[in-house]
Amino acid sequence: MASLTVRQLDEALKARLRLRAARHGRSMEDEIRGILRNAAEQDEPAPPPAAAKRGGAREGSRRASPAPDRTPAEDAAAAHKHILLVIGGGIAAYKSLDLIRRLRERDMAVRVVMTDAAQRFITPLSVGALAGEHPHVDLFDAKSEFDVGHIRLARDPDLVVIAPATADLMAKMACGLADDLASAVLLATDKKILLAPAMNPKMWANKATQRNLAQLVRDGVALVGPNAGEMAESGEVGVGRMAEPLDIARAAATLLSQSSDALKGLRVIVTSGPTHEPIDPVRYIANRSSGKQGHAIAEAAAAAGAVVTLISGPVTVADPPGVRVVKVERARDMLRAAEAALPADVAIFAAAVADWRSATNSREKIKKSGKEAPALALVENPDILATIARRKSGRPQLVIGFAAETEHVVENAKAKLARKGCDWILANDVSPETGIMGGDSNTIHLVTRSGVEHWPPQSKGGVAAALIERIAAAIKGRQ
Ligand SMILES: Cc1cc2nc3c(=O)[nH]c(=O)nc-3n(C[C@H](O)[C@H](O)[C@H](O)COP(=O)(O)O)c2cc1C
């Protein structure tokens, strides 16, 4: 068969594919692979209805299609909750009108604060008509400030959503400024904040914005988006598009469903960080894992009421509150600690375990001899995920692994799921250009035995929250 390369396609088709790939945050090759896979799967007979039903609506889908926008568990948890929506002055403000509808569809009550700049893009009239009440726009509003209205706005909601979050609003929050109603409310609130940034790709990539983002994530702000794609105002392509209203509404529902008893009474094991495999007393084999994702999962599981054992390789991130932490160095120690932490209901293996270790561990520092460089012989480390997943007795109900890939992310994760015998794999692309290794955000593809869910890019805290919500629903479904 003759081979087909991207270069052979005509320019118009290439341009359309480039845009489509950017919109999905994929390489052009991966985008084409996805199109071909979907076309091939469409020709296959549909799965039997019983199999499709077993895993629930989201797991039942065989195709790599986006997950439906809502689940009964999320809806129930989010209904009747109060959202304070802060609309910033970006071109994506028009999408926040749809967001209000999406939130209200889920029976959430929406109160809105608009910045001055936001009112240059959309009118308080439209916002008020959709939200069912006038938006708040003025810090020094005589009517609402007689009872310190900005403090009430900060205190009342269950969740604060900022969409679009402008570069300016992010900078103000990171610095603690409070010179208008939106920033004063954001400084005064102790509620969870979900940020949906939207801006020009150059503004997003600017070091100042990235510094502010890192500060906000450290402060516990959750993130949804921004996505890669075409910018509304200029036809420019890059990262900076606001997440779609459905994704923002879903992220809000996920955060709201993280009640403190979603995993109450369950024992959860989480592994996190890299392993260090010694070569001699000063040298070791390691990898770039920071432990941020695993630690965020342990923290979210504890916040949801689980009894959590976190088995951590050497990391610089702080121990999460309310979690028993077992510190280890080598893969073999991590396996021993995981086995010692059993029995457990759920085990989440987020650590980046070294596949190999040095065959020898010299007691003395290896010296240069002036002759040949010493050869480094490697032996395979134990497979922690497969060992726990394939236990005959005492296997946790739910065994979840991670697949850090640099190519064929979903295909490799599917193969890993089958090979290791675990229940779910959270796959992510850790190519250096994604910034995921060591960074603060993550883009996950959840591979289960019956399908794939593509989660939007979000903070590692957001991924942790979404995972805990998924685990709670799955365990409830099995009981
Ligand atoms: C046409 C136009 C589009 C803009 N789009 C954005 C945007 O998408 N994101 C952003 O951060 N700023 C954008 N800005 C700049 C903000 O409006 C400006 O920084 C403003 O001060 C933000 O105020 P706020 O953060 O109080 O809403 C845009 C400005 C104009 C004139």
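Which residues are closest to the ligand, and how many residues surround it?

Modeller: A caution before the answer: this is a predicted model. The ligand is surrounded by 16 residues. The closest are Gly89, Gly90, Thr115, Ala117 and Thr166. By class, the shell around the ligand divides into nine nonpolar, five polar and two charged residues. One element stands out here. Helix 11, residues 167-175, gives the most to this shell, with three residues.

Now the strand that holds Pro164. Strand 3 covers residues 159-165, and Pro164 sits in it. The peptide bond between Ala163 and Pro164 is cis, with omega at about -5°. Most peptide bonds are trans. Pro226 is found in a loop, between strand 5 (222-223) and strand 6 (227-230).

Back to strand 3. The loop between helix 10 (149-155) and strand 3 contains Pro157. Is Pro157 buried or exposed? Pro157 has 22 C-beta neighbours inside 10 Å, so it counts as buried; the cut-off for buried is 20 or more. Leaving out residues up to four places away in sequence, Pro157 touches His82, Ile83, Leu84, Arg111 and Lys191. Take Lys191 as one of these partners. Pro157 and Lys191 are 34 residues apart along the chain, yet 7.3 Å separates their C-alpha atoms.

Beyond its neighbours within four places in sequence, Met231 contacts Asn200, Glu236, Gly240 and Arg241. The C-alpha atoms of Met231 and Met199 are 8.4 Å from each other. Along the chain, those two residues are 32 apart.

Most residues other than glycine have a negative phi. Asp107 is not a glycine, yet its phi is positive, about 65°. Asp107 belongs to the loop between helix 6 (93-105) and strand 2 (109-114). Asp107 is exposed, because 12 other C-beta atoms lie within 10 Å; exposed requires 12 or fewer. His408 is the other case: not a glycine either, with a positive phi of about 45°. His408 lies in the loop between strand 16 (398-405) and helix 19 (409-420). For His408 the count is 15 other C-beta atoms within 10 Å, so it is partly exposed.

Two packed helices are described by the angle between their axes and the distance between the axes. Helix 6 packs with helix 8, residues 124-131, at an angle of about 10°. Their axes are 9 Å apart. That angle makes helix 6 roughly parallel to helix 8, because angles under 35 degrees count as such. The two helices cross in a right-handed sense. Helix 6 brings Leu97, Ile100 and Arg101 to the contact. Helix 8 brings Ser126, Val127, Leu130 and Ala131. By class, this contact of helix 6 with helix 8 has five nonpolar residues, one polar and one charged.

Now set another pair beside it. Helix 15 (residues 245-256) and helix 20 (residues 460-478) have axes 9 Å apart, at an angle of about 70°. Helix 15 and helix 20 are therefore roughly perpendicular to each other. The crossing of helix 15 past helix 20 is left-handed. On the helix 15 side, the meeting residues are Ala251, Thr254 and Leu255. On the helix 20 side, they are Gly462, Ala465, Ala466 and Glu469. The contact of helix 15 with helix 20 holds four nonpolar, two polar and one charged residues.

Last, step back to the whole chain. The protein chain has 20 helices and 21 strands. Of its 479 residues, 45% are buried. Consider contacts between residues at least 6 apart in sequence: 71% of them join residues at least 24 apart.

Notes:
Residues are numbered from 1 along each chain as its sequence is written. This is a predicted model: local features need pLDDT of at least 70, side-chain atom pairs count only at pLDDT 80 or more; totals for chains, interfaces and linings use all residues. Helices (H or I, at least four residues) and strands (E, at least two) are DSSP runs, numbered from the N terminus. Two residues are in contact if their C-beta atoms, placed from the backbone, lie within 7 Å. Axes are lines fitted to C-alpha atoms, for helices over the stretch in contact, and angles run from 0 to 180 degrees between N-to-C directions. Angles under 35 degrees count as roughly parallel, over 145 as roughly antiparallel, 65 to 115 as roughly perpendicular and the rest as oblique. A crossing is left-handed if the near helix is turned anticlockwise from the far one by less than a right angle, and right-handed if clockwise. Ala, Val, Leu, Ile, Met, Phe, Trp, Tyr, Cys and Pro count as nonpolar, Asp, Glu, Lys and Arg as charged, and the others, Gly among them, as polar. A residue is near a molecule or strand if its C-beta atom, placed from the backbone, lies within 6 Å of it.
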